[in-house]
Amino acid sequence: MIKEILQERILVLDGAMGTMLQRYKFTEADFRGERFKNWEHPLQGNNDLLSLTQPEAIAEVHRKYFLAGADIVETNTFSGTTIAMADYYMEELVYELNYESARIAKKVAEEFTAATPNKPRFVAGSIGPTNKTASMSPNVNDPGFRAISFDELRIAYKQQVEALLDGGADLLLVETIFDTLNAKAALFAIEEVKEERNIDPPIMVSGTITDASGRTLSGQTAEAFLISISHIPILSVGFNCALGADQLVPHLEVLAKKSEHFVSAHPNAGLPNAFGEYDETPEQMAEQIKEYLEKGLVNIVGGCCGTTPEHIAAIANLVKQYDPRPTLVESV
């Protein structure tokens, strides 16, 4: 169904979950809730855990993004693998965290779809990059060392994928990819689940260009990144995070020109200031995203770090005036 809608119009993805959760100023006690009040390790900052301890706040964030005009919201599962949850000694909770996060988002999406059936809302299961990299050594003195193996990543991602789908995710978003080998492990895991369950959920893949050189952290250009994931049947390919909207333009141009998939972009609200905060207003960001639309570069657009429902509302109002990028097959 989402493929048909993407032929007709540009879809809007939500904005940052972390930025919104910061507004609640949750304390250590809020993160713990009643259930984890005696947990031996600090939990503040574990945003995924809030799906269990502050579920209404998570639902409210989703609601605000849908009200702003989003078609797709991402689950609160950016760190939802045993690899990332090891920081909090919460590996055992991974299935529940993903399942509940997807269930919360799906419930809100269904409320909005029921109210406006002509504008169905979707839930993307957010699959982050983990905090370890399979392509590079974390030890400058031992370049051959790896902190994680492909197989360890595959097993962790598979658990996350199964839980997201069980909880009701409509599509899967492998995002903020800085190491394509990590992403390949996630995509391999998704293919395993698809085969075992005989299902075919749409897959979005979104890399991140980390600096002005125009490469991912593991050294790939936009085109190399595209080629290295193109053997997998995916719905869309794109970029998010790291850079502001205007700096993504040349990289999106490569994808738009070379890819037969739909193209997505959810950039940051500019670059962070000295305090790590994002100053770009919704109006400024929308003005930059206008270039994507005028050049016909995107099919899905939203926001990453620093973006809020106000940013998404500005983007949603803007995209109504433009046609989606035609996929290559159509434009030949």
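## Fold and packing report

Of the contacts in the protein with a separation of 6 or more, 76% join residues 24 or more positions apart; contact means heavy atoms within 4.5 Å. This is a predicted model: local features need pLDDT of at least 70, side-chain atom pairs count only at pLDDT 80 or more, and totals for chains, interfaces and linings use all residues. Residues are numbered from 1 along each chain as its sequence is written, and side-chain values use heavy atoms, with hydrogens and water left out.

**Overall dimensions.** The protein has 14 helices and eight strands. Both are DSSP runs numbered from the N terminus: helices are H or I with at least four residues, strands E with at least two. The radius of gyration is 19 Å, close to the 20 Å of the globule rule for 332 residues, so the protein is as compact as a globular protein of that length. That radius is taken over C-alpha atoms; the rule is 2.2 Å times the number of residues to the power 0.38. The C-alpha trace spans about 60 × 50 × 50 Å along its principal axes. Of the 332 residues, 55% count as buried, meaning under 20% relative accessible area with a 1.4 Å probe, protein chains only.

**Sheet.** Eight strands form an open sheet with parallel pairing, in the order β1-β8-β7-β6-β5-β4-β3-β2. Two strands pair if DSSP finds at least two bridges between them. At the edges, β1 (11-12) and β2 (72-74) each pair on one side only. Strands β4 (residues 171-177) and β5 (residues 203-207) share four bridges in the parallel sense. Leucine 172 stands opposite isoleucine 203 in β5.

**Helices.** Helix α11 (residues 245-258) packs on the sheet, touching β6 (236-244) and β7 (262-268); its direction makes about 160° with that of β6. Helix α12 (residues 282-294) lies across β7 and β8 (300-301), at about 155° to β7. Axes are lines fitted to C-alpha atoms, for helices over the stretch in contact, and angles run from 0 to 180 degrees between N-to-C directions. Helix α13 (residues 309-319) is largely enclosed by the rest of the structure, because eight of its 11 residues are buried. Those buried residues pack against β1, α2 (17-22), α5 (55-68), α12 and β8.

**Cysteines.** The structure holds zero disulfides, a disulfide being a pair of cysteine sulfur atoms within 2.5 Å.

Terms used
Buried means under 20% relative accessible area, exposed over 50%, partly exposed in between (1.4 Å probe, protein chains only).
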